[in-house]
Amino acid sequence: MAEVTVIGAGLAGAEAAWQLAQRGISVALYEMRPERMTPAHHTGNFAELVCSNSLKGAGLDNAAGLLKEEMRHLDSLIVNAADHHAVPAGGALAVDRELFATEITERLEQHNYIQVHREELKKIPEQGIVVIATGPLTADDLAQEIQKLTGEESLSFYDAASPIVTLESIDLTKAFWASRYDKGDPDYLNCPMTEEEYKRFYAELLQAQTAEVKGFEKGKVFEGCMPLEVMASRGEQTLTFGPLKPVGLVDPRTGSKSYAVVQLRKENREGTLFNLVGFQTHLKWGEQQRVFRLIPGLEKAEFVRYGVMHRNTFLNAPQVLKADFSLKKRPGLFFAGQMTGVEGYIESAASGLIAGINAARVLRNQSSLIFPAETAFGALALHLEGSPSTDFQPMNINFGLLPPLGERIKAKREKNHRISERALVRLEEFLQQNMLL
């Protein structure tokens, strides 16, 4: 009989199950896919990436880079697989999503301490240690169970995925390779636009028809994954200061900056597929093809996946969760992933890591761990527990969540590096103190 039940095998559930199993604890891992699919998933693989294939910044001058480095210190399955299957992406860690998810699925299915159940669990087990990591697309029956248990009305927003096109269908005579500010290798394919081309694209984008979002509350969109057309509706220049910003990108054919630039990032290791960076959308598929083919270089683009929109659900974390990711009302019940109010792939996986470690400790009658505020782990978890916001919204990891340095450093990059260095030193001390090394 399993000692801990983990519900959901996305990024958070996969990481939680791994952390438990690596500590010699038997795990029952439940995943409803492929028996029951969600509006966003396409496979039955664990840890399938449904939006971007990027796990964001790789360096220590980036908060997401720091969080990934902290996870490496604790044998993270997700980061380890990402490192194995990285694809060129300038200063970011992007992955071949199929190889990434396949490795994670195989390692969990073959683990001696994990028993996989390909079925939907509609009720929360009343006894034992449980980690709920069903993600933002939690099935209705379980979502209702969670709502009853927490006593808080669940909140929801909408998430959108970017379309993917084939490299061979892109007109490379109109695009150029570069990373913004020449940071890292020139791994992005850039489609420059003149003012006239941009204004035509913008006008058609505003007029394009959107797909109906069925079964979800309308009009509530999270700022961190804003559909392109919603962003555009805020003003003609909004996109040129957002996903189409031209700064740091010089067209080698003209030697100058363009009016706007659309960036495409490698979707797989072979570099045969590219996603349109920042082009999350819920336009109708035919409209996506019509409007996005107005972008220079994409006139004959072949779309292998269109953008889609789906529901995301999350808890009012400050009201119901502790910083160890357990439910205040039930200490042996843990939550992990975007449902907790973290936003982003790597943040979701990190929450699963912390929940898995603490579930193991509670099972063994040890006190759960609250990571230091100076670490990315601690900063994110403590924000969820203590956010004073009356309108709580999901949060990405960022340096603003960590305590400031005791000295003033003007250069932002240097300051961020110093914060990261402090975090890793503090993490090492914490792991030694708690015998986690």
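Is Tyr198 buried or exposed at its computed relative accessibility? In this predicted model, Tyr198 has 0% relative accessibility and therefore counts as buried.

Nine aromatic pairs are present in the structure. In one of them, the ring centres of Tyr198 and Tyr202 lie 6.1 Å apart with 25 degrees between the planes, so this pair is stacked, the cut-off for stacking being under 30 degrees. Both residues belong to helix H6 (residues 195-207), where a spacing of four residues separates Tyr198 from Tyr202 by about one helical turn.

Tyr198 also pairs with Tyr259, here in a tilted arrangement, with 5.7 Å from centre to centre and 50 degrees between the planes. Taken together, Tyr198, Tyr202 and Tyr259 make up one aromatic cluster.

Attention now turns to charge at the surface. Arg408, Lys410, Lys412 and Lys415 form a positive surface patch. Among them, Lys410 is located in the loop that runs between helix H11 (376-386) and helix H12 (412-433). With a relative accessibility of 78%, Lys410 counts as exposed, because the cut-off for that class is over 50%.

Note on methods: Residues numbered from 1 in each chain as written. Predicted model: local features only at pLDDT ≥ 70, side-chain atom pairs only at ≥ 80, totals over all residues. Heavy atoms only, no water. Patch = residues over 30% accessible without salt bridge, like charges linked within 9 Å, V, L, I, M, F, W, Y side chains within 5 Å. Areas by Shrake-Rupley, 256 points an atom, 1.4 Å probe, with all protein chains shown as cover. Salt bridge = Lys/Arg side-chain N within 4 Å of Asp/Glu carboxyl O. Lys, Arg positive; Asp, Glu negative; His and termini not counted. Charge placed at Lys NZ, Arg CZ, Asp CG, Glu CD. Helix = DSSP H or I, 4+ residues; strand = E, 2+ residues; numbered from the N terminus. Buried < 20%, exposed > 50% of the residue type's maximum accessible area, 1.4 Å probe, protein only. Phe/Tyr/Trp six-rings, centres within 6.5 Å; stacked < 30°, edge-to-face > 60°.
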